[in-house]
Amino acid sequence: MKIKCLLSVILLLLDPVCRGLESPSSSSESTTTTTTTAAAENWDEWDEDAEDIDYDGIGDFDDDFDEDFFDEDHVEDVVVEEEEHFEPFLGYPESYTKTPFELNLGSGIESYLNGNYRTIEMKHAIAKKLRAGNLVVLKNAFLPEFAQRMHEELWDSNYTAHQDYIDDGFTYHHHNVYDLEDQTDYLKSVVELFRSKQSRDFMHQMTGRDTHGFPSHGAPSHYVPWDYSMAHADYFDQRTVTYVWHLTKSWRPEWGGGLYWCRESTDKAYTPASFNTLFLFIVSPDTQHFVTLVSPLSQGKRLAFNGWWESDWLPDPTVPGLTEYLADATNREQLTAKQLDTLMELNRDLMEDPPENPGLRKVLNQLWEDRQMPSLYTTVFEHDQPLNEIRTEIRTPIKTSIRSEL
């Protein structure tokens, strides 16, 4: 009896479900038919509109569906690709033998350049870019053994903090070995290599600039966390060509310490700190660049070796030919900071005591006008500025043509 009652209850519960599976009633049939007919009409319209649509390549999703994809056994076999392991360089063993690389291949840096950089074709290509005012970046610049030995020397050097805050907005804070007496014997020999006559002659051929002056010595640098160097052009004293040799191992770009070239577009301006990368550029008032701040999250050491090649010429009004030299716009563009200061001082003197040679005064005035040209990318207006004082000249970047010296 109890079993019959239980079966009755089950049947009552299943009855609505069974009714739902039965054919619809006559009243619902008319509604369904109407809806279906309307849908069919709409589909015909859609189909007519869609005749020109190319469905090739869409495929049958049912055929592509893998029913076993979500099986537990399949999921267990899925391998998640991990990010490539990065290992920062944190130093050499307490006792190790430095790479035995001697500077006996030649007296100039050209002898130590890596691979194709020593070929005439590559040197022509590099010279063309340098003379056009570009920043040239040579990756794997020097022989690997030379770069490795330099990294060891820089890693073990004792650095001193240097900082300055100048009212034109240039500030810096970094660590260097500026005193030659504090550099190792090997570093001293590298300093002499970079400022040897052979190196200076080579850079003169590459840049067309006067690099015959005896330059100040190059120096190692170590940018520790929070070190930086704000935008500057290296346009100082008698500098004509800058070199920066990056010697930083296993360094992530987000740790900073890279060189940012201000004249470049944003996506190409930043070159991260790296190992055995040489930066070269001709110094001018437009060669603004800076070193980005080193992150406190960085590991290892951001190391480099940098310096300049310089001119040894200063303008002298008593020497014949100065007027003709300054009449050439290219020569005026290539003046160093110290040469320009000398000429501006001479111009002030000539204002008080007119020269016997009026042509000199004319070219000095032209030089003054050149330097008063408006900014390359920035225009500043004053709210009460008279309209007749608004200058509309358009200045172009300095470009120097390649010559036939190579």
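Predicted model: local features only at pLDDT ≥ 70, side-chain atom pairs only at ≥ 80, totals over all residues.
Good morning. Of the 406 residues in this chain, 36% are buried.

The chain contains 13 helices and 11 strands. Where contacts join residues at least 6 apart in sequence, 79% of them link residues at least 24 apart.

A word on confidence. The average pLDDT of the chain is 81, and 73% of the residues reach at least 70. Two stretches fall below 50. One covers residues 16-67, and in the model this stretch makes 2 contacts beyond near neighbours in sequence. The other covers residues 398-406, for which the corresponding figure is 30 contacts.

I turn now to the helices. Two packed helices are described by the angle between their axes and the distance between those axes. Helix α5, residues 120-131, packs against helix α8, residues 197-207, at an angle of about 70 degrees, and their axes are 7 Å apart. Angles of 65 to 115 degrees count as roughly perpendicular, and α5 and α8 are therefore roughly perpendicular to each other. Which residues meet here? From α5 they are Lys123, Ile126, Ala127, Leu130 and Arg131; from α8 they are Phe202, His204, Gln205, Met206 and Thr207.

Next, the aromatic residues. Across the whole structure, a search finds 23 aromatic pairs. One of these pairs is formed by Phe86 and Trp255: the ring centres are 5.7 Å apart and the planes stand at 75 degrees, so the arrangement is edge-to-face. Where do these two residues lie? Phe86 is in the loop between α4 and α5, while Trp255 is in the loop between β6 and β7, so the pair ties together parts that are 169 residues apart in sequence.

Are the two partners buried or exposed? Phe86 has a relative accessibility of 28% and counts as partly exposed. Trp255, at 7%, counts as buried.

Trp255 also pairs with Trp251, again edge-to-face, with 5.2 Å from centre to centre and 85 degrees between the planes. Both Trp251 and Trp255 are buried.

Finally, there is a cluster linked by ring pairs. The residues joined in this way are Phe101, Tyr112, Phe142, Phe146, Phe194, Tyr243, Trp245, Phe305 and Trp309.

Note on methods: Residues numbered from 1 in each chain as written. Heavy atoms only, no water. Axes fitted to C-alpha atoms, helices over the stretch in contact; angles between N-to-C directions. Helix = DSSP H or I, 4+ residues; strand = E, 2+ residues; numbered from the N terminus. Parallel < 35°, antiparallel > 145°, perpendicular 65-115°, else oblique. Contact = heavy atoms within 4.5 Å. pLDDT = per-residue confidence, 0-100. Phe/Tyr/Trp six-rings, centres within 6.5 Å; stacked < 30°, edge-to-face > 60°. Buried < 20%, exposed > 50% of the residue type's maximum accessible area, 1.4 Å probe, protein only.
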